[in-house]
Amino acid sequence: MVSKEKTIIGRLESIALPELGIDDMQVRVDTGAKTSSLHVDNIVKYMQNGKPWVKFDIHPDIHNVEKLISCKAVISDIRKIKSSNGTAEQRYVIETPMTLGKETWPIEITLTDRTDMNYLMLFGREAIGKRLLVDPSKVFLATTKS
């Protein structure tokens, strides 16, 4: 059996969501959150070729709210999610590739309003999976420096 070394990541990392047109977004790694969640605006559900889709807007740079990316994705699920403040809400779930460092893999993301949060995205346990270890004392360990 071949054992693969796990990549160590910090409590903050920079990721890309290439299918959503995002190449550099700071995320907060949250081992307490099962599913990753992304702050989006103007969520609209619609049907395309008999499948439910969602379109939404993202401001990928928290320091530049003028930058706006309009996205669309197939809805993979709708789930009741309990947020950190204890309230539950129905959220659309999408599946999209995510790049961290040199690796890319598909993750599930719930779409929600994170206006009051410091980071636009939480990177949860399911996305971390068995491939990563978290060192909460560090930041940007896996981020590719150019």
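This report walks through the overall build of the protein chain, its nonpolar core and a handful of individual residues.

The structure is a predicted model, so local features need pLDDT of at least 70, side-chain atom pairs count only at pLDDT 80 or more, and totals for chains, interfaces and linings use all residues. Residues are numbered from 1 along each chain as its sequence is written, and side-chain values use heavy atoms, with hydrogens and water left out.

## The chain as a whole

Let us start with the secondary structure. The protein chain holds 12 strands and 1 helix; here helices (H or I, at least four residues) and strands (E, at least two) are DSSP runs, numbered from the N terminus. Along the sequence the order is β-β-β-β-β-β-β-β-β-β-β-α-β.

What is the radius of gyration of the protein chain? It is 15 Å, which agrees with the value near 15 Å for a compact globule of 146 residues. This radius is taken over C-alpha atoms, and the globule rule is 2.2 Å times the number of residues to the power 0.38. Along the principal axes, the C-alpha atoms fill a box of roughly 45 × 40 × 35 Å.

Of the 146 residues, 38% are buried. Buried means under 20% relative accessible area, exposed means over 50%, and partly exposed lies in between (1.4 Å probe, protein chains only). The accessible surface of the protein chain is about 8,900 Å², and carbon and sulfur atoms account for 50% of that surface. These areas come from the Shrake-Rupley method with a 1.4 Å probe; for residues, only the protein chains shown count as cover.

The charged side chains number 21 positive and 19 negative, with 6 Å between the centres of the two sets. Lys and Arg count as positive and Asp and Glu as negative, while His and the chain ends are not counted. Each charge is placed at NZ of Lys, CZ of Arg, CG of Asp or CD of Glu.

## The nonpolar core

In soluble globular proteins, nonpolar side chains tend to be buried together. A nonpolar core is a set of buried Ala, Val, Leu, Ile, Met, Phe, Trp, Tyr and Cys residues joined through side-chain atoms within 4.5 Å. The largest one here has 31 residues, and Leu38, Phe56 and Phe123 touch the most other members. Elements that each supply at least two residues of this core include strand 2 (12–17), strand 6 (51–58), strand 9 (88–100) and helix 1 (125–128).

Which residues does Leu38 contact, leaving aside its neighbours within four places in sequence? Among them are Leu17, Met25, Ile58, Ile109, Leu120 and Met121.

Trp53 lies in strand 6 and is buried, with a relative accessible area of 17%. Beyond its neighbours within four places in sequence, Trp53 has contacts including Val44, Tyr46, Lys72 and Val74. Its C-alpha atom is 36 Å from that of Asp135, a residue 82 places away in sequence.

The loop between strand 3 and strand 4 contains Asp30, and Ala33 is in the loop between strand 3 and strand 4 (36–39). Asp30 counts as buried at 15% relative accessibility, and Ala33 counts as buried at 14%. Setting aside neighbours within four places in sequence, Asp30 contacts Leu122, Phe123, Gly124 and Arg125, while Ala33 contacts Leu122, Gly124 and Arg125.

Gly101 sits in the loop between strand 9 and strand 10. Asp61 belongs to the loop between strand 6 and strand 7.

Asn42, in strand 5 (residues 41–48), has a positive phi near 55° although it is a residue other than glycine. Phe140, in the segment after strand 12 (132–135), is not a glycine but also has a positive phi, about 55°.

| Residue | Relative accessible area | Class |
|---|---|---|
| Gly101 | 25% | partly exposed |
| Asp61 | 31% | partly exposed |
| Phe140 | 24% | partly exposed |
| Asn42 | 54% | exposed |

Asp61 and Val40 are 21 residues apart along the chain, with 12 Å between their C-alpha atoms.

Conventions
Contact = heavy atoms within 4.5 Å.
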